[in-house]
Amino acid sequence: MSAPTAHRSEGQLRRALSALRHDPLALTGTAVLVLLVVVGVAGPWLAPAGINDVDVDRMLQPPSWAHPFGTDELGRDVLSRVMVAARVSLQVGAVSVGIALLAGVTLGLFAGYYRGWLDNLLMRCMDVLFAFPVLLLAVAIVAVLGPGLLTAMIAIGVVYTPIFARVTRAGVLSVREQVFVRAAVSIGASDLRIMRRHVLPNIAAPLIVQTSLSLAFAILSEAALSFLGLGVQPPAPAWGRMLYDGRGFVTDAWWLGVFPGAAIFLTVLAFNLVGDALRDVLDPRQLTVNEARRSTG
Amino acid sequence: MSSTRFGLAGATLALLLTVSVGCSAGEGVDVDGGNGTAAGGVLNAAIGGEPDQLDPHKTSAYYSFQVLENVFDTLVEPDANLAMQPSLATEWTTSDDQLTWTFTLREGVKFSDGTPLTADDVVYSYNRIIDEKLNTAYKFGTVKSVAASNPTTVVITLNAPTPNLLANLGGFKGVAIVQKANVESEEIITKPIGSGPFALSGYTSGDNIQLVRNDNYWGERPKLDGVRFTFVSDPTVALQNLRGNEVQWTDNLPPQQVPALLDGDEPTVQSVPSTDYWYLALNQGRKPYDDVNVRRAIAFALDREAITKAAKFGLATVNQTAIPQNSAFHYEYAPYSHDVNQARQLLDQAGVSDLTMDLMVTSEYPETVTAAQVIASQLAGIGVNVKIRTLDFAQWLDEQGNGNFDSFMLGWLGNIDPDEFYYAQHHSGGTFNFHKYNNPAVDQLLDRARTETDQGARKQQYEQVAKQIVDDASYIYLYNPDVAQGWSKQVSGYQVRTDRAIRFRDVALTR
Amino acid sequence: MARFVIRRLLQSTIVLLGVTLVVFLLLQLVPGDPVRVALGTRFDPQTYEALRARAGLDQPLVVQYFDYLRRALTGDLGVSFRSGRPVTEIVLERLPATLSLAVTAVLFALLIALPLGILSAMRSGSFVDHAARVFSQFGVSVPDFWMGIMGILLFAGVLGWLPPSGYVALTEDPARWASHVALPAATVGLVTASILTRFIRSSMLEVLSEDYVRTAEAKGLRTRVVVLRHVLRNALIPVVTVVAVQLASLLGGVIVIEVLFAWPGIGRLTFDAVQARDYPVLQGAVLLVAALFLLVNLLVDILYARLDPRITVK
């Protein structure tokens, strides 16, 4: 009885891929993401200069052939730092959304599948987390645990867990009454097996959409945390942190403000474009970007 | 607000109204110059941040003292050359054994609320610091008792001769004379009452503090009607505000622009060397930093000019000892030239290679974070791999106290007497000797100089101390920063002080 | 209707209880002794003991929580570790600044989003529609603080039209308040506008496709009248809720923008509290914001139920 479910998710994926191929915006987004991953992986080797090559004799130099993005307040090459920082952003995005996905899907699955008091308890907990503006909660968590890359990832992961739980639960509720699930129950399949083999594959579509959009917001949140000095700590480069460090100099050195910010913008835009395109195909019920963002407060 | 008995959610709007009413009431006593008081006007000053609280005995934030300098008085106070001059005390005598000091207070001094300031207030203030073990209690370490023999006489009895007692009693407003009623009502936290030239008149949390002229002030009547301190954390904004005449004074100037501003005409910007110093300390309780050769190697590997340029944009004087050039106790000594070969040799002698050094800095003082990155790149040149650890200050202090560090960078601010520069930091039993420096010869010298009443001999002893500390690289001294402040053409009578005290009592504003 | 209101009230109360628990537990998660850590250089034994006792840290955890809850219900959120002042007082005096910024930002957003959203829905596929989509994609992707920095560079730096940051109370000097609020409100407002534009567009499209609109059109009423009479009224009901929710989340203080523009609101307060490790103030600010958010959501739901009776049935 598992054949139709497998068939269905494969079809979805195929449709998604072909949709991406035919949407110019989504194609652009995908291209940017591919470039980003390449830079993220190979950044340290591709970068024209070392990220910690301090040289006080060439500080705050405007863009030139030698330093296309200029140099910062310690004479380091901004282009190299922007490139290497891509890794941090991708890492934070992947890990924090990974945390949110794992926790949210698990909670949502159990809540939606078993209903009753468990559903009530779990979803009220999610409501509680949902009552805090995203960045405020992340800042509070980081404040308590201490600033740094790891705590930033945990904080962002926690903050985005409720939305995955809600999306999952909604999906489970609609799937669990369908014929193939009932059939699986009637032949005595275990709950865990049913969830894994029959339920999960059928709610993959909204989850893929949500993951893609959440990556955008996670990266945006990390940038905001770093801009407040609460994320990645120096000398490691991160886009938000570069803006934070350069804040005192932007009126004299615009390049310190423009390039790292543009990097964040393009990355987030790329994830959003791909996410929107996926949603149009996979999840016509339109869980909008806006709902996911809710507030960067 | 504590008497408000509402459920939280339901009452939010009601509370909101209460607050707006509270605000406009507070602004009723606003001293903004817009109301056409032609005489003195209100000086708008931009400072870099908000005071944590306004109790001079409890705050340790420089932002608080920028304000409180103009609100409170001390028994004596430092003049422009940091020599102690009469303030609330007009004269003082010392007994032959140097153990009893008798201060005569100025007649007719009043707090800004009109109540008299007497010897009892002095006794109360000092005993509060001593009994409650507040921040400055260490300055009273040799004080046995403080007593008022009559309303204008204070007698201080000591356990040991203390040649720098005046500096301890007047060095800064952290030892100010406060009012008992003000302390006990806890209003001192937000509405302190002092006897200084200005009195607090308004406080908008997160934005500004307003002072008005204190008409009960004992000294010459201040020319200004008031001062409004606005908190502007971004130095480029502060400068822009100064240029746009939104403020007429600021000490929060973008360091990279100060050199150009010094040459310019408007605004007036002046820069003087401060008494502060910044340093690198290596933990001698850990290997291999217990080896003097390793410490000296690091001292030789540093290019102080480059560090200073990065951390302060040249607004500092490189110094290999603690006490700055303009002090009478300055000692010219600079054995560490930037010499990578020498540094490598010393490391070889110590048998050290592949060293990874933890360097602890704090986001509270961003220049440590900046300097650390330069230090890291310089030490990489002699094969030392520096791992920078950035902590917030509370955590930083914990780690320092527990000795959990290979090295750290920090500064000492506002010291005046050489004892303050050396004793607590380098005596084997010193309160701030977290890096575990131990040299019996230095201990002995420090103990002797502390009670030495002959000024010439004292200076000589401190020179010996300085030389030994530098040779042992107990601290690796880096630089003395300058104090740069700027004001508009309208401001006259202002002087930049080396101890960073901000005094507006003689300032006038032309309009 | 009454049953719906009661159920929502009950639900909100439970969630609010959960919120207090989370906020309370924040302090427990601090590694080490929070009071010690907070005091740092300002450590003195008396203050330390006083703050510990005041924060109730010498009690068992469960006692501490119920104590916290009891005091919070009477408006007592403890005292600041940093200044010793009551937290309620500190938090509430920051509300006017945040409120004035949030309201201005939302008004600014509506000014853009209403015409853009309505036009793009009515002329689906037109140039306006494309522009609206590009705009809203831009708005949700751009980091607001980066846009703020660029705004400061342009309007305060190059053009010199507006002050780069700072705050003047509305009650003190409305004109100077306006010049100071313009940049931060525009920054926040653009992001909000992009969210609202999308929502208004899709809400309009939904109503436009409903039967009675088609009927009206078929009857020959001129398009503009149809839009004004029927569509707008029906499409804007859900928009009201979204606007309210946006406003509520802005009241939570747009931390980054308030920090960037030195705007002394709740967000800045939160940030300063984090920097100073002033946990009671952090707790108080977070609690207030979450409570406000819940309250607005509750009101919106009830309002919505009144406007659209179908909801109660669901």
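# A tour of chains A, B and C

Select strand β16 (residues 384–391) of chain B: it is mostly covered, with six of its eight residues buried. Buried means that 20 or more other C-beta atoms lie within 10 Å of the residue's own, exposed means 12 or fewer, and partly exposed is in between, with C-beta atoms placed from the backbone. Helices (H or I, at least four residues) and strands (E, at least two) are DSSP runs, numbered from the N terminus.

This is a predicted model, in which local features need pLDDT of at least 70 and side-chain atom pairs count only at pLDDT 80 or more, while totals for chains, interfaces and linings use all residues. Residues are numbered from 1 along each chain as its sequence is written, and chains are lettered from A and ligands numbered from 1 in the order in which they are written.

**Chain B: the strand pair**

Strands β15 and β16 of chain B run parallel and are joined by eight bridges; two strands count as paired if DSSP finds at least two bridges between them. Pick B:L359, whose bridge partner in β16(B) is B:I388.

What else does B:L359 contact, leaving aside its neighbours within four places in sequence? The list includes B:A372, B:I375 and B:A376, then B:V386, B:K387, B:I388 and B:R389, and also B:S407, B:F408 and B:M409. A contact here means that the C-beta atoms of two residues, placed from the backbone, lie within 7 Å.

B:L359 also belongs to the largest nonpolar core, which has 336 residues; A:A138, A:V139 and B:L359 have the most contacts inside it. Such a core is a set of buried Ala, Val, Leu, Ile, Met, Phe, Trp, Tyr and Cys residues joined through C-beta atoms within 7 Å.

B:L99 counts as partly exposed because it has 16 C-beta neighbours inside 10 Å. Not counting residues up to four places away in sequence, B:L99 touches B:T157, B:L158 and B:P161. B:L99 and B:T157 are 58 residues apart in sequence and 5.8 Å apart in space, C-alpha to C-alpha.

Of the contacts in chain B with a separation of 6 or more, 67% are between residues 24 or more positions apart.

Colour by pLDDT, the predictor's confidence in each residue, from 0 to 100. Chain B has a mean of 87, and 92% of its residues reach 70 or more. Over residues 1–38 of chain B the pLDDT is below 50, and this stretch has 58 contacts in the model beyond near neighbours in sequence.

**Chain A: confidence**

Keep the colouring and move to chain A, where the mean pLDDT is 84 and 90% of residues reach 70 or more. Among the elements of chain A, helix α3 (residues 78–114) has the highest mean pLDDT (93) and helix α12 (residues 289–293) the lowest (40). The pLDDT stays under 50 over residues 286–297 of chain A, a stretch with 41 contacts beyond four places in sequence.

**Chain C: helices and the side facing chain A**

Select chain C, which has 14 helices and zero strands. Buried residues make up 49% of its 314 residues.

How many residues of chain C are in contact with chain A? There are 39, and they meet 39 residues of chain A. On the side of chain C that touches chain A, α1(C) gives the most, with seven residues. The residues of that side divide into 29 nonpolar, eight polar and two charged. Here Ala, Val, Leu, Ile, Met, Phe, Trp, Tyr, Cys and Pro count as nonpolar, Asp, Glu, Lys and Arg as charged, and the others, Gly among them, as polar.

Next take α12(C), which is mostly covered: nine of its ten residues are buried. What covers these buried residues includes α5 (134–145) of chain A, together with α5 (87–122), α11 and α13 of chain C. Just after α12(C), C:R277 takes a positive phi of about 55°.

Finish at C:L73, in helix α4 (residues 61–73) of chain C. C:L73 is partly exposed, with 15 other C-beta atoms within 10 Å. C:L73 and C:L114 are 41 residues apart in sequence and 40 Å apart in space, C-alpha to C-alpha.
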